[in-house]
Amino acid sequence: MRFPFALTKKIASHIIKHKIRKTPKFAMVLQLEPLHTCNLTCTGCGRIREYSTSLKDMVPLEQCLQAAIECDAPMVSVCGGEPLIYPKIEELIAGLLEQGRVLYICTNGMFMRKKMRDYLASVYSPAFEPMLKQLLEGKLISEKEAEVIRKSDAAARKKVVIAPTKWMYWNVHVDGLEFTHDLIVEREGVFKECVEAIKMAKICGYQVATNTTVYRETDVAEIEDMFKYLSSLEVDGHTISPGYDYDAAKKDMVSRLGKDPKQFFLTREMTRAKFAKIQDWGKAFTIFGTPVYQEFLAGKRELTCTAWAIPTYNVKGWKAPCYLMTDGHYNGYQEMLSKVAWEKYGVVNGVARDPRCEHCMVHCGYDPSGALGTNYQSGDNWKNIKYNFGAKPKPFPSSPELAKRAFNGVTIGKGHLAKATAIINSPAAGARGAFANEVHHDNEAHVGSHCGTGDTTERDELLAKIKDAKKD
Ligand code: SF4
Ligand code: SF4
């Protein structure tokens, strides 16, 4: 089976229950943002700019758990910010699992190995030696860390930890191969760390998914190579979504810079061109989501946005209308459902009801539409069932050649980001010269966002310049 039976059953039962009850709107996935603090500071990240990133501004544990009970979504995506920074992340995961939810911990991967070492320390016995040996051989833990695991004290053993379970996935943010990903997250070595965390997770028995946002500059051939490489690491599944650009940002491009927005943003037309092969990817790799959503991305049909099915809860409450746009926050999920004029959002038959929705085809707005039967076409249910119950694609064969293509940048210290910085600081940087002064944080260039929110102009321009530089 492409997806574990227990998970598919849980989600299908939830849909059937609400269809029988004729519930007009209900939650499928809760996007839970316990905090917006992050260890990375990507330019264009909607989250760290829209909300306070102070650790003081966190959703208390009990409130997070209550939000999950309130909307009763069978799946919870714990995101942020970086959720592994949340001081009670272990308790939060344990509480959500106790409620019977399917969990995705959306992480940039930087703290995963630490959390997995905590798990190993809490359960260590000599029976774990072969696993430690494998981790040591793969240089995924150091000798010193192995010793800490072996000598774990009573406190380490009592600690609440994130243990492997079939109900949970690490959902690692990967937006491309090494060169691109490190540019997007603005720190060299992040891709390498993600790969090591994925390898360690697989050895320790965790399920691992990845999530990727496709931008205007994203090279489709690179995405295919990325899937091949991640599949060779035996990653369990992938979420892929087009990036999203605010209408306001487009207007700014025209009025302030006198530029054609098409030069910078992913329009619907461009998204469809980028995702033309998504159905082939769905056959070759375990792409999460429905085949109906894949058809929509490939431009073979229209869907209507069902943003209410993937609600976002954060420190300000229930965010409406969707993960991407904020027109208000509400105290309760039901309150949000009843007060938001949902008919004002989305795109229907190609016509945007709200101009900000015009080019949006994002996963969190449209993937549930495929599962819920919005714009139902004969055969859709069968298609979804066949996809879910179909054989899981085999891992792509690993090879030194593929690994070489994956590690196509220069890791820590040697400086592809230094090259990027030099390029944007060069006189040739042109009209966006001011940008050069804005991009330095900790001596790194800031270019992207895995949240797929906000103005990605800076990122797009930088990637275009890097691409040109790579050709030289
Ligand atoms: S179309 Fe996109 S931006 Fe508009 S409400 Fe739906 S998810 Fe949000
Ligand atoms: S895009 Fe993600 S990783 Fe980057 S700053 Fe925002 S929350 Fe952190």
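Good morning, colleagues; I shall describe a predicted model of one protein chain with a ligand.

Let me begin with the chain as a whole. The protein chain has 472 residues, of which 47% are buried. Its secondary structure comprises 22 helices and 11 strands. If we take the contacts between residues at least 6 apart in sequence, 79% of them join residues at least 24 apart.

I turn now to strand β3, which spans residues 102-107. How many of its six residues are buried? Six of the six are, so the strand is largely enclosed by the rest of the structure. In general, side chains in a regular strand alternate between the two faces of the sheet. In β3, both faces are covered. Val 102, Tyr 104 and Cys 106 lie on one side, Leu 103, Ile 105 and Thr 107 lie on the other, and all of these are buried.

Which strands pair with β3? Strand β2, residues 75-78, runs parallel to β3 and is joined to it by four bridges. Within this pairing, Val 76 stands opposite Leu 103.

Finally, I come to the ligand. Ligand 1 is surrounded by 13 residues, and the closest are Cys 305, Cys 322, Cys 357, Cys 360 and Gly 365.

Thank you for your attention.

Conventions:
Residues numbered from 1 in each chain as written. Chains lettered and ligands numbered in written order. Predicted model: local features only at pLDDT ≥ 70, side-chain atom pairs only at ≥ 80, totals over all residues. Near = placed C-beta within 6 Å. Buried ≥ 20, exposed ≤ 12 C-beta atoms within 10 Å, placed from the backbone. Helix = DSSP H or I, 4+ residues; strand = E, 2+ residues; numbered from the N terminus. Pairing = 2+ DSSP bridges. Contact = placed C-beta atoms within 7 Å.
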